[in-house]
Amino acid sequence: MSTAHTHEHHEAPKGLGRWVFSTNHKDIGTLYLLFSLLMFIVGGAMAMVIRLELFQPGLQFVHPEFFNQMTTMHALVMIFGAVMPAFVGLANWMIPLMIGAPDMALPRMNNWSFWILPFAFAMLLSTLFMDGGGPAGGWTLYPPLSLQSGNSFAFVIFAIHLMGISSIMGAINVIATILNMRAPGMTLLRMPLFVWTWLITAFLLIAVMPVLAGAVTMLLTDRFFDTSFFNAAGGGDPVMFQHIFWFFGHPEVYIMILPAFGIVSEIIPAFARKPLFGYASMVYASASIAFLSFIVWAHHMFTVGMPLGGELFFMYATMVIAVPTGVKVFNWVSTMWRGAMTFETPMLFALGFVVLFTIGGFSGLMLAIVPADFQYHDTYFVVAHFHYVLVTGAVFAIMAGAYYWLPKWTGHMYNEKLGKFHFWWSAIWVNVLFFPQHYLGLAGMPRRIPDYSVQFADFNMISSIGGFAFGVGQLLFVYIVIKTIRGGEKAEARSWEGAKGLEWTVPSPAPHHTFDTPPELDDSQLAHGGGH
Amino acid sequence: MKRENYFIVVLAVMAGVIAAVWGMFAIGDNMPRGVTEFSRQVYDLHMVILWICVVIGVLVFTAMFVSIALHRKSRGVEAAQFSHSTKAEVLWTIIPILILVAMAVPATKTLIKMEETGDAEMNIKITGYQWRWKYDYLEDDISFLSSLDAGSDAARQLQSGIEPVDVDNYLLEVDNPLVVPVGTKIRFLLTAGDVIHSWWVPALGWKRDTIPGSVNEAWTRIDEPGTYRGQCAELCGKDHGFMPIVVEAVSKEDYAAWINEQQQLAAVAKTDEERLWTLNELMSHGENVYATQCATCHQGDGQGLTPAFPALAGSQVATGPVADHIKVVLQGRNGTAMRGFSDMLSAQDIAAALTYTRNAWGNQTGDVVQPSTIAQLTNG
């Protein structure tokens, strides 16, 4: 069904030019993914500094100010540099292949939205070497603290603006592609779930990235042009920043998890050899989660002293999210039920995702209970919670997706033994890393502190050991990826026995141009069995 | 496959999952029950929601691992092809909603009680500063700062060579604890002088942000005498990890005696503010004030910490006109970490610190700043 390429496509330029000037969704997808991997290493290195300093009580390695720069930068790099670009890279590669489109709808903009990122991050990271130092007020940039930054703060804000522009352009591209370029017969309710979750994510991005841009612009003018948006002495309100920031920030959380839901919903049916259970309810659950994400923002700020009515509203709204999220988990388990499962690396990561993301979901539900949150808030319990949903959630899903589609991208099978080792290594150590942090938070350790009372020493040391081992393990992933790019067992078009979807109808590696003529669709190609 | 096999696998998997959960409970720490009615209610809520999560988790993970154990291709099973069941989907939407409603009821009740700050028998204003707390007893006119104690402060310096285990209550000890009576409803009014902080003592069951420009309310009634420790819980700059909180709850009689003692000390301080001080007196008192209030940023040798914290040794401010120097110290510098100290330190502390910085480390100005001068500026 893919067509041969004997015709007048421009030959892709060779060498550096191929990448710099590319308008090809596959090349740009590759760029996004490699960039995200690089940022994952950079952000991971910062996490190693954090865990090193927290290895034992007392300050051994870094000054508190530098420690704060590390926690702030680690978050910014991981969120905006690693997780989000990884999802955009997967979207670039897979959405056209999944819906039978020849490319993204807006290929030049696609090029631009990627190439902004290296500049944005060069600027952000360069602040670490400037006089004023890197941002040290936390990735949430709460004023008045963030306004105490040096002049380098302006670079941080412009870097965030650039990342926002890049994300918005990427989102516009995804929406334009999905709404306009589906192959005949690929109706909305026949789209693979990864496409659905990305469509919803893209709308979230367009809705909230401008809000972040507005918030940081006000910080910029407060810091450099004597405005008082957030300065109480000038009639402003520091809490207003938190409301604006979390109006962006909470949907942002789902921006980082919805595509993960999509990936896992592709992989579990493939390796269970069984249609996805409850496809329609999966779509509706994703949409409900997206809607709810706009009305729960203040649960990040239960301790700022909101009126009782506000606290109750945000508590109830947050608890409601557990319902559609629960539906998703139940559907994944039902998909496995009475399947014929095999456990290749993508499936292992997907199963790891289901278990560990669910644990993160549970702690999220606990955090929704306002009186209990008065204890949990801003402690390591919260740190444990969001690392369960972001590392064993989002990152595990990205890993699962990478192993699942690597054969399609490179034309080679990765080394299954190494892949499985990578999974088990990661799954064990990530729990050694993050599970004790629940205990630390409950026992009273605040987050974002460079040093701690001796009662917290044991679990911090365990957590650090887990962190170092987990960190080292990810270098194995880099090795596996490079090795697979360079060679390996030849991958078939349908690289996995149970894999469904149009992407498996084109050869592996996917040729530079695919679906020049739209494919014909039949229901057996759908991971959810069609019939809706 | 035979039914009894299923049964055995389900039991085995469930036992495994429960054992894993039990292991997590056995090795870990839990939230303290605390010493107030509210903290115990919070603990109960925490345990209820935790158990709900555990039960749901055991069921879901059991189903999942049974499936992983039995429904695998290597056992030669054929995959079923069902893809939905309206009955199941309705069921697992409705049941969670009911559980959530059941959970919301006690949470709402507890929350409403927490917000009832009326009928307080006494009021304490808490002000967060970088990086110490100020406590004002509104009825008794007592006011003092509470900072990290000297032992912890020495040990927490980078590569100090002092083992934290050798320091009593490392990072959880202060010079002046908050002394309160037991069995008394105390209302706290919380605000901040520079950036946002958060006042948290786990044994009381809550934390509340202290925010510049607004006043938050919270209350407590402590049941048992004792010393309860906590920390600032909102990132507030480089020494966020070093502004602990110590609450000493004492009997009402002991509290009355303590108040008496504090008021006498305040009277002595008042006369100190009015008399003329000698250069030597100011220098020796100033050295102490400088060490506790200024040295964190400007460093003990007055060399500062580039880039954020300028040197005072040889600086234009510390060796230039006295009036400008006083103004900076009283009002702070906008857009920097230099805050105004007029509402935070006493007149004699400020005067002594000014005199000290104008005469230490080769800043030989010979200037003497009298407490009475500062008092006039701040009160007038």
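This is a predicted model: local features need pLDDT of at least 70, side-chain atom pairs count only at pLDDT 80 or more; totals for chains, interfaces and linings use all residues.
Helices and strands here are DSSP runs, numbered from the N terminus. By that numbering, B:Trp131 sits in the loop between β1 (122–129) and β2 (132–137) of chain B.

**Confidence**

Start with the scores. The model has an ipTM of 0.91 and a pTM of 0.92. Chain A averages a pLDDT of 94, and 97% of its residues score at least 70. For chain B the mean pLDDT is 90, and 98% of the residues reach 70 or more. One stretch of chain A needs care. Over residues 1–7 of chain A, pLDDT stays under 50. The model has 11 contacts beyond four places in sequence for that stretch.

**Two chains, two builds**

Chain A has 16 helices and zero strands. Its radius of gyration is 23 Å, close to the 24 Å that the globule rule gives for 532 residues, so chain A is as compact as a globular protein of that length.

| Chain | Box of C-alpha atoms, roughly |
|---|---|
| Chain A | 70 × 50 × 45 Å |
| Chain B | 95 × 50 × 40 Å |

**Where the chains meet**

How many residues of chain B are in contact with chain A? The count is 93, and they touch 98 residues of chain A. About 8000 Å² is buried between the two chains. Carbon and sulfur atoms give 69% of that area.

Polar links are present too. Between chain B and chain A, 26 residue pairs are in polar contact, with both residues at pLDDT 80 or more. Five elements of chain B give two or more residues each to the side that touches chain A: α1 (3–27), α2 (37–70), α3 (86–114), β7 (206–210) and β9 (226–232). Which of them gives the most? It is α2(B), with 17 residues. By residue type, this side of chain B divides into 54 nonpolar, 25 polar and 14 charged.

The count of salt bridges between chain B and chain A is one. The side chains of B:Lys73 and A:Glu497 form it, at 3.0 Å from N to O.

**Backbone details**

A cis peptide bond joins A:Ser508 and A:Pro509, with omega about -5°. Where is A:Pro509 placed? A:Pro509 lies in the segment after α16 (457–486) of chain A.

A:Arg338 also has a backbone feature to look for. A:Arg338 is not a glycine, yet it has a positive phi of about 60°. This residue is in the loop between α11 (322–336) and α12 (345–368) of chain A.

**Putting it together**

Chain A, with its 16 helices, is as compact as a globular protein of its length. Between them about 8000 Å² is buried, and α2(B) gives the most residues to chain B's side of the contact.

Terms used:
Residues are numbered from 1 along each chain as its sequence is written. Chains are lettered from A and ligands numbered from 1 in the order in which they are written. Side-chain values use heavy atoms; hydrogens and water are left out. Contact means heavy atoms within 4.5 Å. Buried area is the accessible area (1.4 Å probe) that two parts lose on being put together, summed over both. A salt bridge is a side-chain nitrogen of Lys or Arg within 4 Å of a carboxyl oxygen of Asp or Glu. A polar contact is a pair of N or O atoms within 3.5 Å; within protein, one must be able to donate a hydrogen and the other to accept it, and residues adjacent in sequence count only if both atoms are side-chain atoms. Helices (H or I, at least four residues) and strands (E, at least two) are DSSP runs, numbered from the N terminus. Ala, Val, Leu, Ile, Met, Phe, Trp, Tyr, Cys and Pro count as nonpolar, Asp, Glu, Lys and Arg as charged, and the others, Gly among them, as polar. pLDDT is the predictor's confidence in each residue, from 0 to 100. The radius of gyration is taken over C-alpha atoms; the globule rule is 2.2 Å times the number of residues to the power 0.38.
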